[in-house]
Amino acid sequence: AEINLDHVLRALAHPDRRAFLVACRSAPKAAGELADLSSLSLATVSEHLKVLRTAGLLVLDKQGRNWFYRTDVEVLDAAIDGLRRLKA
């Protein structure tokens, strides 16, 4: 996956956003489910989800009438590769 490493790293800089990524890795989650994992308001969670979507880390899928977030593991892998290249 082609990524903007700066955007991805900024998105990963917040602990709640990292928690949302982990939660969406095993199974897609609705925004309300993610808000329940945090002490943040639903509006604040929505802003964090937007940052993750813009960076490509979360994908929004429609299932029936509902929307669910899932982690794009390929983007995470590309970010890890980008960091590895800094070390080489």
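Author: Strand β1 (residues 58-63) and strand β2 pair in the antiparallel sense over 6 bridges, where two strands are said to pair if DSSP finds at least two bridges between them. Helices (H or I, at least four residues) and strands (E, at least two) are DSSP runs, numbered from the N terminus. This is a predicted model, in which local features need pLDDT of at least 70 and side-chain atom pairs count only at pLDDT 80 or more, while totals for chains, interfaces and linings use all residues. Residues are numbered from 1 along each chain as its sequence is written, and side-chain values use heavy atoms, with hydrogens and water left out.

Val59 has Arg70 as its bridge partner in β2. The hairpin of β1 and β2 has 2 residues between the strands, and in this hairpin Gly64 takes a positive phi near 65 degrees.

Phe68 is found in strand β2, which covers residues 66-71. With a relative accessible area of 17%, Phe68 is buried, a word that means under 20% relative accessible area, with exposed meaning over 50% and partly exposed lying in between (1.4 Å probe, protein chains only). If its neighbours within four places in sequence are left aside, Phe68 is in contact (heavy atoms within 4.5 Å) with Pro28, Lys29, Ala30, Glu33, Val59, Leu60, Asp61 and Gln63. Between the C-alpha atoms of Phe68 and Gly32 there are 9.8 Å in space, although these residues are 36 residues apart in sequence.

Turning to the helices, the axes of α2 (residues 15-26) and α4 (residues 42-54) come within 10 Å and cross at roughly 70 degrees. Axes are lines fitted to C-alpha atoms, for helices over the stretch in contact, and angles run from 0 to 180 degrees between N-to-C directions. Helices α2 and α4 are therefore roughly perpendicular to each other, since angles of 65 to 115 degrees count as roughly perpendicular, under 35 as roughly parallel, over 145 as roughly antiparallel and the rest as oblique. Arg17, Phe20 and Leu21 of α2 make this contact with Val45, His48, Leu49, Val51 and Leu52 of α4.

Helix α1 (residues 5-12) and helix α5 (residues 73-87) pack at an angle of about 105 degrees, their axes being 10 Å apart, which makes α1 roughly perpendicular to α5.
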